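I opened the file today and kept notes as I went. The entries are in the order in which I looked things up.

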Amino acid sequence: MAKETKKPFRQSMAEWRQFIYNPNSGEFLGRTAKSWGLILLFYLVFYGFLAALFTFTMWVMLQTLSSDIPKYRDRISSPGLMISPKPDTALEFYFNRSDSQSYSEYVTTLQNFLESYNDSKQSQNIDCTRGKIFDQSEAAVKKACRFNLSDLGQCSGKEDANFGYSKGTPCVLVKMNRIIGLKPEGEPHIQCTPKEEGMVNINYFPPNGAMDLMYFPYYGKSLHAHYLQPLVAVQLAITANGTKEEIAIECKIHGSPNLKNQDDRDKFLGRIAFKVMMSE
């Protein structure tokens, strides 16, 4: 077999120049201007069609959605519980009743949390009928029910600016997470139980830990802009036996058959557990 003759460098460069642009045929990169134009036109039409199809599909999907209420709300049918103040590390309260610095952060958190419940911030809220669902499904503008801080009694911050922490009767506020359209049945209320008896006495504000039905349902942030969740204040009167002991407490929502308080997959569904330890 004859050995292939290597082309001179000048010949190779001339062939590359001719491939890039051939002055005789007017071809650029092996194609004429007409050929390039047809190819560009094809891809312009092709990708334009894909863009139009995608835009139309997104438009059709957006027509099925509401800017006020999520379309699918079946994953969370029952609300969870949360507390305030919420310690930075886990749900554990440690403080010394004689040392204001040890509980100052808890007091500040409660003051900031209750600021939105002040009368000055509820000027657009109205007084509602107690014990009755406030259905506003037909109303274009949704009204929010007024929550009176006085309902929180000794945990309102008005009678005691330290919320009981300096007296050994710390307050913890319990609230139920918002779920659009939720209408609790029966008489929902919060009930807290210590793991061990004789270490703490529990008082509730409002009485019996009631969550009034007039605060339901919730219609979403857009429609229900001034809505405030009802609160239950849990006051823990720690006994002498409970001082310097870690007290485990679990709070649950009771009294409503359509509100769950037990789910192995979600420890906050209708319940919440925390620990308190007070020293003197």
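**Ground rules.** I worked with a predicted model, in which local features need pLDDT of at least 70 and side-chain atom pairs count only at pLDDT 80 or more, while totals for chains, interfaces and linings use all residues. Residues are numbered from 1 along each chain as its sequence is written, and side-chain values use heavy atoms, with hydrogens and water left out.

**Strand 5.** I took helices (H or I, at least four residues) and strands (E, at least two) as DSSP runs numbered from the N terminus. I called a residue buried under 20% relative accessible area, exposed over 50% and partly exposed in between (1.4 Å probe, protein chains only). Strand 5 covers residues 171–176, and five of its six residues are buried, so the strand is largely enclosed by the rest of the structure. I then looked for its partners; two strands pair if DSSP finds at least two bridges between them. Strand 3 (residues 81–84) runs antiparallel to strand 5 and is joined to it by four bridges. In that pair, serine 84 stands opposite leucine 173. Strand 8 (residues 231–238) is also antiparallel to strand 5, with five bridges, and there cysteine 171 faces glutamine 235.

**Core.** I defined a nonpolar core as buried Ala, Val, Leu, Ile, Met, Phe, Trp, Tyr and Cys residues joined through side-chain atoms within 4.5 Å. The largest one has 56 residues, and Leu236 is among those with the most contacts inside it. Which residues does leucine 236 contact, leaving aside neighbours within four places in sequence? Counting heavy atoms within 4.5 Å as contact, I found a list including Val172, Val200 and Phe274. Valine 200 belongs to strand 7 (residues 200–205) and counts as buried at 8% relative accessibility.

**Helix 2.** Leucine 50 sits in helix 2 (residues 33–63). I noted leucine 50 as partly exposed because its relative accessible area is 36%.

**Backbone angles.** Most residues other than glycine have a negative phi, and most peptide bonds are trans. I listed the departures. The bond from phenylalanine 205 to proline 206 is cis, with omega near -5°, and the one from phenylalanine 216 to proline 217 is cis with omega near 0°. Asparagine 208 has phi near 65°, lies in the loop between strand 7 and strand 8 and is exposed at 63%. Lysine 244 has a positive phi of about 65° and is exposed at 58%.
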